[in-house]
Amino acid sequence: MMPEAVTETGNDELPASFRSGFIAVIGRPNVGKSTLLNHVLGQKIAITSDKPQTTRDQILGIRTDADAQFIFLDTPGIHQPRNKLGKHMVNVAEQAIASDADVILWLVDVTAPPTDEDRYIVERLKELLEAAGELPFLLLGANKVDGLAGAAVEERKREYLALLRWLTLAGGGQESVPALTLSAATGEGVEELVAALAELLPPGPLYYPSEQVTDLSMRFIAAEIVREKALRLLRQEIPHSLAVSVTEWNERSPEMTHIAATLYVERHSQKGIVLGGKGSMIKKIGQAARPEIEEMVGTRIYLELWVKVLPKWRRKENLMRRLGYFM
């Protein structure tokens, strides 16, 4: 749902040429969508890891420049789902495309040729176009150029653009698909991408106050930071089974905040791995998460972490709701 516009007055009065709109950042898992969002905003609001499907819900990021407000919708990676969590993630991404976006930024990993997951995204875009009769304007972002030579980058861009020829034909909605190269990790090409997006946004109001960078609560971000550190420290069999929920948030004094969070896994064997010998792993997760949460909250924090087993939670909608999905 589009928010009500914010009225700016006085020295903050908007120019007549001001543009604003929603940009759905889509792509297969692990192509750098969250890394790009954090770089564009100049601060971290979306967790990142080398594990696919790290982002599970839509993350809204807001950047306000003198002439435009960009409302980025960082979506979960589009993939062929295998459980209810996977279906939820894909539904979130497709809802952003079909209902919310003014522009679609399809981010691809230019170091690799198109994969089956990339082709699956193109097929879903076709189906959404057929259902709605039109799509938002689409722009291709060729990410990770720092890992490939220039000539190879251009060849890879052509391979991805070839998948989109249908979009430029009659009924596709646009005459060509712009393709920009960038590195979300180093920042190369990111500001050029932002400038290109600004030209595609429609004239519009200020939807959010100019100083706001997200609509996420601190509780949500704290839970995600804990999950990020767990993803980076744990073995391959754990990440997809892990969920984190903040269960207590108590500002004990102006200098200290008590936060309790529970890490949920699906099997008792996984609980032992997350805890580690004599609690060594859960201690490492807390130590890694604490500095980032303190920076966000602005106080010292006492972080209390628990591990619980919630069997097959990714396959049961009622348990997923309990953990904050399907909101």
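This is a predicted model: local features need pLDDT of at least 70, side-chain atom pairs count only at pLDDT 80 or more; totals for chains, interfaces and linings use all residues.
Residues are numbered from 1 along each chain as its sequence is written, and side-chain values use heavy atoms, with hydrogens and water left out.

**Overall architecture**

- The chain has 9 helices and 9 strands, these being DSSP runs numbered from the N terminus (helices H or I, at least four residues; strands E, at least two).
- Of the contacts, defined as heavy atoms within 4.5 Å, between residues at least 6 apart in sequence, 71% join residues at least 24 apart.
- The accessible surface of the chain comes to about 15,500 Å², with 49% of that area belonging to carbon and sulfur atoms; the areas come from the Shrake-Rupley method with a 1.4 Å probe, and for residues only the protein chains shown count as cover.

**Aromatic pairs**

- The structure holds 3 aromatic pairs, where rings of Phe, Tyr and Trp (its six-membered ring) pair if their centres lie within 6.5 Å, and planes under 30 degrees apart count as stacked, over 60 as edge-to-face and the rest as tilted.
- One of these is stacked, because the rings of F70 and F72 have their planes at 15°, with their centres 6.1 Å apart; F70 is buried at 1% relative accessibility, and F72 is likewise buried, at 4%.
- Another, formed by W106 and Y160, has its ring centres 6.0 Å apart and its planes at 80°, so the pair is edge-to-face.
- This pair links distant parts of the chain, since W106 lies in strand β4 (residues 103–109) and Y160 in helix α4 (residues 150–162), 54 residues apart; W106 is buried at 0% relative accessible area, and Y160 is buried at 1%.

- L107 has its place in strand β4 and, at 0% relative accessibility, counts as buried.
- Although L107 and V25 are 82 residues apart along the chain, their C-alpha atoms are separated by 6.9 Å.
- Leaving aside neighbours within four places in sequence, L107 is in contact with I26, G27, V31, G32, K33, L36, G141, N143 and L182.

- Beyond its neighbours within four places in sequence, K229 is in contact with K44, I285, A288, A289 and E292.

How values were computed: Buried means under 20% relative accessible area, exposed over 50%, partly exposed in between (1.4 Å probe, protein chains only).
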